[in-house]
Amino acid sequence: MPLDDSLVGRSLPPTPPYAVTAEAVADFAAATGGRHDGGPAPATFPIVLAFEAMQAFLDAEGLDLHRIVHGEQRFDYRRPVLVGDTLTATLTVSSLRRIGGNDIIGTTSTLTDEAGELVCTASATLVHRGEEEQA
């Protein structure tokens, strides 16, 4: 069943606070084939929180992750993510359209620090594959 257009503009509650530790950054860097020897977290590190926010959205809408194709991801930084930051992400559904029985969902997750200051905006395009037709 297609998603309701009224989702556009809806924001979910923020994720629980996430403490950015040296170990978490090093583990992320290793998992993505890199190393972290200090300094800012890798540029794609915010996906850790953006994915948590996306999963909360999928759960709230009763959508199965196995029906999602990740179409695009962008990060727009106000400042780098640093060890010692405590971040939250708030996902907003920014667009929704349908192509060939699939929902194309645009999301924007704003990542803020403990002071409420914007650190990064993560924008994603998700393709929710439509139901297979029964023969």
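Visitor: Why is Glu61 called partly exposed?

Guide: Glu61 has a relative accessibility of 25%, and partly exposed is the class between buried, under 20% relative accessible area, and exposed, over 50% (1.4 Å probe, protein chains only), so Glu61 counts as partly exposed. The model is predicted, with local features needing pLDDT of at least 70 and side-chain atom pairs counting only at pLDDT 80 or more, while totals for chains, interfaces and linings use all residues. Residues are numbered from 1 along each chain as its sequence is written, and side-chain values use heavy atoms, with hydrogens and water left out.

Visitor: What makes Glu61 and Arg10 a salt bridge?

Guide: The definition asks for a side-chain nitrogen of Lys or Arg within 4 Å of a carboxyl oxygen of Asp or Glu, and the closest N and O atoms of Glu61 and Arg10 are 2.3 Å apart, so the pair is a salt bridge. Glu61 lies in helix α2 and Arg10 in the segment before β1, so the pair ties together parts that are 51 residues apart in sequence.

Visitor: How do you know that Asp37 and Arg35 form a salt bridge, and why is Asp37 called exposed?

Guide: Their side chains meet at 2.9 Å, N to O; Asp37, at 65% relative accessibility, counts as exposed, and Arg35 is likewise exposed, with a relative accessible area of 69%.

Visitor: What makes Asp5 and Arg98 a salt bridge?

Guide: Their closest N and O atoms are 3.3 Å apart. Asp5 lies in the segment before β1 (18–19) and Arg98 in strand β3, so this pair ties together parts 93 residues apart in sequence.

Notes. Helices (H or I, at least four residues) and strands (E, at least two) are DSSP runs, numbered from the N terminus.
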